[in-house]
Amino acid sequence: MERILPQLLVGQNGLEIDSAQQWEELRRPELLELFAEHVYGRQPLQRPETMTFTAASQAGCLDGKAIRKSIHIDFSGENGGQGRIRLTLYVPADAAAGKKRYPAFLLFDHGRLSAVPEGDSPSSPFWPVEQILASGYAATMIAAEDIDPDEHDGFRNGVHGIFDPQDRPRAADAWGTIAAWAWGLSRAMDYLETDPDVDPARIAVIGHSRGGKTALWAGALDERIAMVVSNESGCTGAAVSRGKAGERVHQINKAFPHWFSENYKRYNHKEDELPVDQHLLLALIAPRLLYVSSAAEDEWADPVSEYLSLQLAEPVYRLFGADGVAAEPFPQLDSPLHTERCGYHVRAGQHDLTKVDWMYILGFANGRL
């Protein structure tokens, strides 16, 4: 069945977009507006005026090869609530001597790491700190529960309770939990811009599954992010919604009614009526680095639709003089595909973020980020 998708380079007024300037000034803002209104919801604020950074601890680790920092990002809202995002950062030990500012991978964790890692052995396949450091990067992480717990309580907990207006009904385009988590990633970026051991112009945001959806929306909104990595983000992440196999819009809205705006529920069983689709979201990352990864047995996410979305985003990269992957067929298992600004792999196995995924992702970043 042919998928009839919203046109990428035609504005709502019918104007054809044929230059990077037109994209930046006309098409990109209207797509951000459409995604905010119909899918993710609108963030009510950016950086809070009350936000502060506190170094909670700093110590050597990994047999002296690295330094671990714990940072508290604190803020408060007009409703009287207070919030804290705990950021964990590992940098190679020579950073402390001022020898180098490192590019960094910022992981959005959604409960896979039960607590901020302590001690001398922080690595796991999901967050292989030693592997990241050995590749020449800093490794940093924030956790979903610090921003907005992943439960539907009527938007009273987390940053919704701190910042949402309390004197009127919730708007149909108010931010859902994915948008709140994306907001938290931007607050982490606010801190990382100030850290003397991190190069703020070379930060990659990475997320798995719901974290991949979060990384993509954060990367679309926050152009300080130099590279976005979506690992098996599937429905309302990297995968095109129209004609998608596996999870569909009505299923994700039923299972996770708090993730998106109330408006998004209008498109249950009606993806063809959406004014956007996910290839438009991926295009919003251009001309920055974009990496999409899939797992062969993850039919719920639908690797074919994830790859198709990346292919369909290429025309915007071409506006900026860079090739995407449109000309390349769906790759073989464990055969990463890299172009100048975009990358993709589908590995053997199931829904997870593994050391194999990290190996391919780091291989793409090397020499680019």
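In this predicted model, Trp217 is in contact with Leu32, Phe35, Ala36, Tyr40, Gly41, Ala179, Ala182 and Leu281, leaving aside neighbours within four places in sequence. A second, separate core of 30 residues includes Leu62, Ala139, Ile361 and Ala365. The largest nonpolar core has 82 residues. Trp217 is among the members that touch the most others, together with Phe35, Tyr40, Leu87 and Leu290. Helix α5, residues 177-192, gives the most to this core. Its share is eleven residues. In soluble globular proteins, nonpolar side chains tend to be buried together.

The secondary structure of the chain comprises eleven helices and ten strands. The radius of gyration is 20 Å, close to the 21 Å that the globule rule gives for 369 residues, so the chain is as compact as a globular protein of that length. The C-alpha trace spans about 55 × 55 × 40 Å along its principal axes.

Burial was computed for the whole chain. Of its 369 residues, 58% are buried. Among contacts with a separation of 6 or more, 68% are accounted for by residues 24 or more positions apart.

The accessible surface of the chain amounts to about 14,600 Å². Carbon and sulfur atoms hold 48% of this area. Charged side chains number 35 positive and 52 negative. The centres of the two sets lie 2 Å apart.

Terms used:
Residues numbered from 1 in each chain as written. Predicted model: local features only at pLDDT ≥ 70, side-chain atom pairs only at ≥ 80, totals over all residues. Heavy atoms only, no water. Core = buried A, V, L, I, M, F, W, Y, C linked by side-chain atoms within 4.5 Å. Buried < 20%, exposed > 50% of the residue type's maximum accessible area, 1.4 Å probe, protein only. Helix = DSSP H or I, 4+ residues; strand = E, 2+ residues; numbered from the N terminus. Contact = heavy atoms within 4.5 Å. Rg over C-alpha atoms; globule rule 2.2 N^0.38 Å. Areas by Shrake-Rupley, 256 points an atom, 1.4 Å probe, with all protein chains shown as cover. Lys, Arg positive; Asp, Glu negative; His and termini not counted. Charge placed at Lys NZ, Arg CZ, Asp CG, Glu CD.
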